[in-house]
Amino acid sequence: MVDLRSQYAHIKAEIDAGIQEVIDSAAFIKGPKVKSFQEHLEAYTGAKHVIPVGNGTDALQIALMGLGLKPGDEVITPTFTFIATAEVVALLGLTPVVVDVNWETMNMDVEAVRRAITPRTKAIVPVHLFGQCADMEALMALAEEHQLYVVEDACQAIGARYTFSNGETKQAGTIGHIGCTSFFPSKNLGCYGDGGAIFTNDDTLADRMQAIANHGCHVRYHHDEVGVNSRLDSIQAAILDAKLPHLDAYTAARQRAAAYYDKAFANNEKLLIPGRDPHSTHVFHQYTLRVVGADRDQVREGLAERGIPAMIYYPVPLHQQKAYLDPRYKDGDFPVAERLAACVLSLPMHTELDEEQLAFITSSVLELINI
Ligand SMILES: *Cc1c(COP(=O)(O)O)cnc(C)c1O
């Protein structure tokens, strides 16, 4: 699905120098590399504050803690996403309220969000699934109307750009009150271990979340509230600082691979290519087909036999996950998400795919859907 080894080979000198610098300085925690990466990421995203943390899940948790939500407060998330989005809501004693998604973009359905709002709703967590922004203009308007916070789960969408109807453009993660991203190795900007970051333009929220990520203290050994320990370590920061200048080229490589897939699969009655939101660029964390006229699992097995990995993101929506079963929801309540879970198939997607590999993957898929 990804080829991190080949990607590293191209930037080995930069990465190795960065890691060596950290070892020589012995500043493994909160070293200058973390500060440098933070500043470079602020410049890249346009976010006023970037708070580096231990991983994307922590970023989401610290964001919700920073908003000061209370047990019983409702947080709306899409039911078709990675579990972390709802996990942190549940862990904090907040109530996850799930909504269906759009069949084309696979992102949160704004009208479903509107219907899910109650007097206890405090926040909306849109997920920019597979690398394309959710319908942020409509979500921000809805949030303002109901005085809700918006925390973007931009773990899959770093570098995606959203254009508002007035022509203004913002990066994924910098549109809501808070944005969260992950530097898990296979993410679009991946480190060589765990890492994550929080974005915000709000000084007060930034100050509070910074403290929460550091055991709840502003002043060392003085703890103002219960926090966590979540840090991006200096070696990971050095790797990310070396990779950030390449992110746009990496995105372009993913988009070229996606264009190849699109061309091969367009106008096929058995496969639907990923639907596009005209307001957002797509950075293709995943290239996800909907297999509508063939047996998805057989296609996947056939690909595996040819040595082509393909994955199902995600096979079970949140409302059908054992740990999240809730008497408020039953099978059939979120028909689009349930249909997607049964038909999605993500193809190999990374920065190193060449024509030969793409030709082999696409011809294999086209053969297999006709068996
Ligand atoms: C990867 C991911 C996360 C969690 O990131 P980690 O760094 O693995 O904790 C959260 N949400 C989504 C949508 C993700 O893809």
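**Notes on the fold**

1. Ile29 sits in the loop that links helix H1 (4–25) and helix H2 (32–45). Helices here are DSSP runs of H or I with at least four residues, and strands are E runs of at least two, numbered from the N terminus. This is a predicted model, where local features need pLDDT of at least 70, side-chain atom pairs count only at pLDDT 80 or more, and totals for chains, interfaces and linings use all residues. Residues are numbered from 1 along each chain as its sequence is written, and side-chain values use heavy atoms, leaving out hydrogens and water.

2. Ile29 has a relative accessible area of 45%, so it counts as partly exposed (between buried, under 20%, and exposed, over 50%, with a 1.4 Å probe and protein chains only).

3. Now to the sheet. It is open and mixed, with seven strands in the order S1-S9-S8-S5-S4-S2-S3; strands pair if DSSP finds at least two bridges between them. At the edges are strand S1 (49–53) and strand S3 (95–99), each pairing on one side only. From one strand to the next, the twist averages 25°.

4. Strand S4 (residues 121–124) and strand S5 (residues 149–153) run parallel and are joined by two bridges. Ala123 stands opposite Tyr149 in S5.

5. Helix H3 (residues 56–66) lies across S1, S5, strand S8 (178–182) and strand S9 (196–200), at about 165° to S8. Angles run from 0 to 180 degrees between N-to-C directions, with axes fitted to C-alpha atoms, for helices over the stretch in contact (heavy atoms within 4.5 Å). Helix H7 (residues 203–213) also packs on the sheet, touching S1, S8 and S9, and its direction makes about 15° with that of S1.
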